[in-house]
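Thanks for making time this morning.

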Amino acid sequence: MLRVSFNPLPPWKVLGDDGTPGGIDIEFLHLLAKRMDLALDFVQLPFKRGLKMVEHGEIDLMVGVLRRPEREGYAHFLTPPYKNRTNKAVYVLKGREDTITRYEDMRSLVIGTQLGSKYFPRFDSDAAIEKSEVKTIDLNIKMLRAGRIDAFINTEASADYLLARIGLTNVIGKARYAYHEHQDVHMILSKRSPHAYRVAEFDKVMRDLVEHGEFERIKDDFLSRH
């Protein structure tokens, strides 16, 4: 049994109507676990709390983790990474896509952000951009529609999925400007996990799945179903 920390982040991690964890990353994890004859026990935790429990060996595994030096002390980063890019898009009302065609255009606007989120270093540290920080993307959507902000920024895959799910793709569009970044995303295994001795086997299975395009296949299938 693998104890897995879960925090919703659609479409990668989605909580079903019946409370069952799903999403692209979770379906991929199920495939890896099946190959290793492991069952999964999901524990719903905020992301930071999940990392702390991985550190103490109370959680075995997490998905969707970026490599950081401080995390390498307590976790094995399964290799290779199963994702290696992330795009940040800027969302505006339909018809206003051309108002932001380059980064500097955001400096004359009010941009919605999410509390505690990081987007990319230049934007995060830019005091010349007026940022309106709220708790959820849902609030950013409401504020954009009400004209209280000019745009909001979000991880592209996540926002695209949500807007399609709530039927607002004909109301909210994407600005011409977007930020594209190479960023390796890993699963991590606690060094204190009783399964840590199998880390080489985890890596071997992960490599096989990635090289055979299983993650991309699952992603395409999931998005076609939703």
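Predicted model: local features only at pLDDT ≥ 70, side-chain atom pairs only at ≥ 80, totals over all residues.

Residues are numbered from 1 along each chain as its sequence is written, and side-chain values use heavy atoms, with hydrogens and water left out.

Let me begin with the strands, where helices (H or I, at least four residues) and strands (E, at least two) are DSSP runs numbered from the N terminus, and two strands pair if DSSP finds at least two bridges between them. Strand β7, residues 83–93, pairs in the antiparallel sense with β11, residues 172–190, over nine bridges, and within that pairing A89 has A178 as its bridge partner. β7 also pairs in the antiparallel sense with β10, residues 151–155, over four bridges, and here V90 stands opposite I153.

Turning to the interior, a nonpolar core is a set of buried Ala, Val, Leu, Ile, Met, Phe, Trp, Tyr and Cys residues joined through side-chain atoms within 4.5 Å, where buried means under 20% relative accessible area, with a 1.4 Å probe and protein chains only. The largest such core has 31 residues, and those with the most contacts inside it are L29, L32, L61, M187 and F202. At least two residues each come from β1, α1, β4, β5, β11, α7 and α8, with α1 giving the most, at seven residues. Leaving aside neighbours within four places in sequence, M187 has contacts (heavy atoms within 4.5 Å) that include L29, L32, L61, H76 and M206. A second, separate core has 16 residues, among them L109, F120, I129 and A151.

Which helices cross at roughly 65°? They are α5, residues 137–145, and α6, residues 156–165, whose axes, as lines fitted to C-alpha atoms over the stretch in contact, come within 12 Å. These two helices are therefore roughly perpendicular to each other, a class that runs from 65 to 115 degrees. I137, D138 and I141 of α5 meet A159, L162 and L163 of α6 in this contact.

Finally, D105 lies in the loop between β7 and β8. Is D105 buried or exposed? At 15% relative accessibility, D105 counts as buried, and, not counting residues up to four places away in sequence, D105 touches T99 and I100.

Notes
Buried < 20%, exposed > 50% of the residue type's maximum accessible area, 1.4 Å probe, protein only. Axes fitted to C-alpha atoms, helices over the stretch in contact; angles between N-to-C directions. Parallel < 35°, antiparallel > 145°, perpendicular 65-115°, else oblique.
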